[in-house]
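Here is a short tour of a protein model, written for a reader who likes to follow along in the viewer. Please have a look at the fold before reading on.

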Amino acid sequence: MKTIFITGGSTGIGAAAVRKFIAEGWNVGFMDINTQAAHALADELNCPERLLFTEGNTRTRSDIRRAVENTVARFGALNSVFANAGIHRCNTILDIADEELDLMIQTNIYGTVNTLREAIPPIIEAGGGSIVINASDQWFVGKPHSFAYGLTKGALGQITRSLAIDLGPKNIRVNAVCAGTIRTPLVDNLFVKFAEENHCSVEDYWRQENALYMRGSAGRPEEVAEVVYFLASDAAGFCTGSHYLVGGRLIIRKQGTGWEGPRPVPPACDTSPRFAKHATSSPAPRRQPSRRTGRVRRASGLRTEDAPPLSTPTSSALSASIRRHGDLNRPHRDLAIPNLKQARCILFREPLSSAPHC
Ligand SMILES: NC(=O)c1ccc[n+]([C@@H]2O[C@H](COP(=O)([O-])OP(=O)(O)OC[C@H]3O[C@@H](n4cnc5c(N)ncnc54)[C@H](O)[C@@H]3O)[C@@H](O)[C@H]2O)c1
């Protein structure tokens with residue numbers, strides 16, 4: 001029976017990983033600063049013989065040492081580690097305070113490095129095994145207002161490669177899981193803050209976020225845990241030094257339509273009366289005579305070729321302009337968007353073909 005050590009296992013992706021490994025018959029030692037959620041998870045799983053929680057902070061190396069030692073003492077060996085604990089803050093290089101930069105680096109980089117330094121020796125002792133690092137899709141892309149988070153996750157993406165080289169001869173595989181937006185307390189708390197600042201609901205933000213993804217919804221922690229389990233298990237025997245994107249296609253969208261930092265107020269809760277008024281009274285798209293028949297075709301909706309060109313303004317530019325002008329008509333003209341329907345699609349950040357309101 002194999003044993004894994006997981007940091008940040010009380011909530012979100014870490015908790016989903018704890019559930020997954022327990023369900024697959026592994027022993028799990030996990031560590032977190034959130035003891036209340038940890039005990040709730042332990043009660044839910046009701047599996048004391050294979051689950052061990054140790055309270056601790058990944059920023060403190062002695063806490064990690066204690067948690068790893070507890071895990072090895074209880075289960076006899078350590079085969080894998082999932083370095084998962086991390087935090088998020090919105091900032092740019094221009095506004096980040098020294099304390100916040102330090103907190104991000106201490107938690108996301110040092111916390112992970114501490115975890116690995118304590119977990120690797122027992123894994124070597126066990127004859128090898130696997131390491132999974134929780135990086136982010138920000139290993140692949142830059143996002144606005146994500147200076148410190150991107151910095152730390154970029155670092156984790158890089159050490160995935162160097163560790164894979166150094167630890168390969170010791171029979172240890174090292175991979176990173178790189179998720180897009182996953183609905184966990186980490187993102188919920190962020191959206192609670194945005195919603196409070198903009199006097200609208202968290203669900204407004206989730207609606208906007210969900211629209212960024214191919215299937216119309218962000219990820220679930222269990223979907224990341226499945227990939228983590230695969231990477232940790234022997235089924236991934238030929239996978240090492242790689243970054244596995246669990247990203248619902250967000251990063252392959254054209255630049256400028258992805259995460260836009262502290263969000264503009266979603267139209268639904270911002271200028272909705274004005275928005276609704278102008279949306280319903282929008283002029284019909286201009287009718288063009290067909291070149292073949294000379295007849296004017298009835299405009300029944302947008303087609304693929306109506307999609308805004310790559311240079312069209314982003315949703316946040318349009319939202320900002322609407323707030324500035326107080327209606328949808330002016331910005332739509334200012335920003336050279338061909339028609340109101342396209343303006344609405346840009347606002348909702350949806351492909352024209354899948355936007356029901358277009
Ligand atoms: N949610 C997302 O959209 C997303 C996307 C990509 C990557 N990630 C990464 O996934 C990881 C888990 O985040 P989540 O989304 O599940 O959020 P979460 O807040 O639900 O989980 C993080 C867990 O780590 C714990 N933790 C935080 N700092 C700690 C510390 N110093 N010591 C010990 N425990 C600590 C928290 O108490 C919490 O239980 C993070 O590294 C995050 O950067 C999240």
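What follows is a briefing on the overall fold, the ligand shell, the core and a few selected elements. Please keep in mind that this is a predicted model. The protein contains 12 helices and 7 strands, and 39% of its 358 residues count as buried.

**Overall fold**

**Around the ligand**

- The ligand is surrounded by 29 residues, and the closest are G8, G12, G86, T184 and L186.
- By type, this shell consists of 18 polar, 9 nonpolar and 2 charged residues.
- Three helices each supply at least two residues of the shell, namely helix 1 (12-23), helix 4 (98-125) and helix 6 (185-198).

**The largest nonpolar core**

- This core has 55 residues, of which I4, A17, F82, V177, V224 and V228 touch the most other members.
- Helix 8 (residues 221-232) gives the most to this core, with 7 residues.
- Beyond its neighbours within four places in sequence, V224 is in contact with I13, A16, V177, A179, I182, G219 and V246.

**Helix 8**

- The end C-alpha atoms of helix 8 are 16 Å apart, in agreement with the 16 Å that its 12 residues should span at 1.5 Å a residue.
- Its buried residues are P221, V224, A225, V227, V228, Y229, L231 and A232.
- These buried residues pack against strand 1 (3-7), helix 1, strand 4 (80-83), strand 5, strand 6 and strand 7.

**Helix 1**

- Helix 1 is mostly covered, with 9 of its 12 residues buried.
- The buried set is G12, I13, G14, A15, A16, A17, V18, K20 and F21; of these, G12 is also among the closest residues to the ligand.
- From first to last C-alpha, helix 1 reaches 17 Å, close to the expected 16 Å.
- Just after this helix, G25 takes a positive phi of about 90°.

**Helix 5**

- Buried in helix 5 are F147, A148, Y149, T152, K153, L156, I159, T160, L163 and L167.
- Their cover includes helix 4, strand 5 (129-134), strand 6 (172-179) and strand 7 (242-246).

- Strand 6 is largely enclosed by the rest of the structure, because 8 of its 8 residues are buried.
- In a regular strand, side chains alternate between the two faces of the sheet.
- Here both faces are covered: I172, V174, A176 and C178 are buried on one side, and R173, N175, V177 and A179 on the other.
- Strand 5 pairs with strand 6 in the parallel sense over 6 bridges.
- I131 stands opposite V174 in strand 6.

**A closer look at T54**

- T54 is buried, because 20 other C-beta atoms lie within 10 Å and the cut-off for burial is 20 or more.
- Setting aside its neighbours within four places in sequence, T54 is in contact with G29, M31, R66, A67 and N70.
- V68 is 14 residues from T54 along the chain, and their C-alpha atoms are separated by 8.9 Å.

Conventions:
Residues numbered from 1 in each chain as written. Predicted model: local features only at pLDDT ≥ 70, side-chain atom pairs only at ≥ 80, totals over all residues. Near = placed C-beta within 6 Å. Helix = DSSP H or I, 4+ residues; strand = E, 2+ residues; numbered from the N terminus. Nonpolar A, V, L, I, M, F, W, Y, C, P; charged D, E, K, R; others polar. Core = buried A, V, L, I, M, F, W, Y, C linked by C-beta atoms within 7 Å. Contact = placed C-beta atoms within 7 Å. Expected span 1.5 Å × (residues − 1). Pairing = 2+ DSSP bridges.
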